[in-house]
Amino acid sequence: MMLLRYLSQIGKYFLMWKEIFRKQTKWSVMKNLIFKEIDELIIDSLGIVAFISVFVGGVVAIQTALNLDNPLIPKNLIGYATRESVILEFSPTFISIVMAGKMGSFITSSIGSMRVTEQIDALEVMGINSLNYLVFPKLIAIILYPFVIGISMFLGVFGGYIATVYGGFGTSIDFINGVQSDFMPFHVTYAFIKTFIFGILLASVPSFHGYYMKGGALEVGKASTVAFVWTSVLIIFVNYLLTQLLLT
Amino acid sequence: MIEIKNIEKSFGDTKILKGVSTVFETGKTNLIIGQSGSGKTVLLKSLLGIHTPEVGTISFDGRIYSDLKSNEKRELRTEIGMLFQGGALFDSMTVSENVGFPLKMFTNDDKHKIQDRVDFVLKRVALVDAHHKLPSEISGGMQKRVAIARAIVNNPKYLFCDEPNSGLDPNTATLIDNLIREITEEYNITTVINTHDMNSVMEIGENILFLKNGVKTWEGTKEEIFRTDNKAVVDFVYSSNLFKKVREAYLKE
């Protein structure tokens, strides 16, 4: 029974995708909606992403430095390990899970509130494709999500540099050497491929839970929690799949 | 004119509408009344195309809804104005933007022309100082008036209202009732109102459809409802002492 319910939800999710692209909203209206979503989803996320990236980058650097007991291990490993951790996992995956909470709950609650207060019905009665009107601008805005992750990568490594140099764990030259050593451009490509797919999940899964929710204000809260859980689960699962596919 | 022929609608094993037929005439305020669970909302949502009846037809001035192609259905929907129970105004838009929204979506008018029309309809619903306010900054009665303005801004042929008076004080409720009646006559619209407010029935019920357990049990005017001896209608409409006395006084006259 439960399996059937999950399968039906998965089917509904893919049908939602079809519906999003079915009947387009007038471009003059859509253009403004896209800019609004860029502001709310991307620009408004930069502060928290910057804060987390600098501090977690610093923590990664310190923990790496504290584990370098053997004098034969070069100090530039701190920069190398920070770069690899931040680019491969921290920025694309960890930040995306944080965004599932921040961006995802915002999307679910805003669409869910519209459902509860009959605003979605109002759009439908007017002859507007409400899924296109509400979800399509979010999907377009999320194209800019890799830029957020790019900034996170830079700030994560920068945080590592500050913690290493000003915390007395290594020299500036060692850290920079470490960051530059054995650099594999494909790791950045892999990180951005992951980021792009996570971005699509971040916009679509919470939209699905908000759009198809039933009930009142309490259910909006519940839908936000369920959306966060499912977005996180999917990010972790897809992360594993993509790593297996692209890095092995 | 909207003509409903023998419509039936079920959810799972439960049949909600059981062969309802009626005609909602143009230029009249048509009321659907009945107890909670009688099928009023399902009937209204079927008229709006939100629910699809399994049996029967709904025709809008001769256009049978189920026979229309999807673009014809969309076109028909632009001829419909809807007043939702809670107003359903868009939270993120000002009063002016809410009212102008259907014009922005469905016309190629420039912003000055849209603004002129918005000003005109807001004046018509007696709201002149609220243009730049958000729905959360105005009262429930004002929200209903904004919703009416939005419903009529695109010159609809059909106006549907779901519980237009719910949550309003008696004065504001009467004001909303009168506004709906005036607009119906002024623009010659087919208006269908879903209500269980007996004041509305007495005020504006030009054609009243009484539903009980998904069946049309009675139909008539507000004058006829005083004289009816249909038990279901009498039990529902005259359940309060006030309306019993109003009826007695009317019948004595």
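Which residues of α6(A) are buried? They are A:Ser130, A:Leu131, A:Tyr133, A:Leu134, A:Val135, A:Phe136, A:Pro137, A:Lys138 and A:Ala141, where buried means 20 or more other C-beta atoms, placed from the backbone, within 10 Å of a residue's own.

Keep in mind that this is a predicted model, where local features need pLDDT of at least 70, side-chain atom pairs count only at pLDDT 80 or more, and totals for chains, interfaces and linings use all residues. Residues are numbered from 1 along each chain as its sequence is written, with chains lettered from A in the order in which they are written.

Back to α6(A): the helix (a DSSP run of H or I, at least four residues) is mostly covered, with nine of its 12 residues buried. Its span is set beside the expected one (1.5 Å times one less than its number of residues) here.

| Helix | Residues | First to last C-alpha | Expected span |
|---|---|---|---|
| α6(A) | 130-141 | 17 Å | 16 Å |

The cover over its buried residues includes α1, α2, α4, α5 and α9 of chain A.

Leaving out residues up to four places away in sequence, B:Ala149 touches B:Val99, B:Val121, B:Leu122, B:Val125 and B:Leu127, a contact being C-beta atoms within 7 Å.

Notes: Helix = DSSP H or I, 4+ residues; strand = E, 2+ residues; numbered from the N terminus. Contact = placed C-beta atoms within 7 Å.
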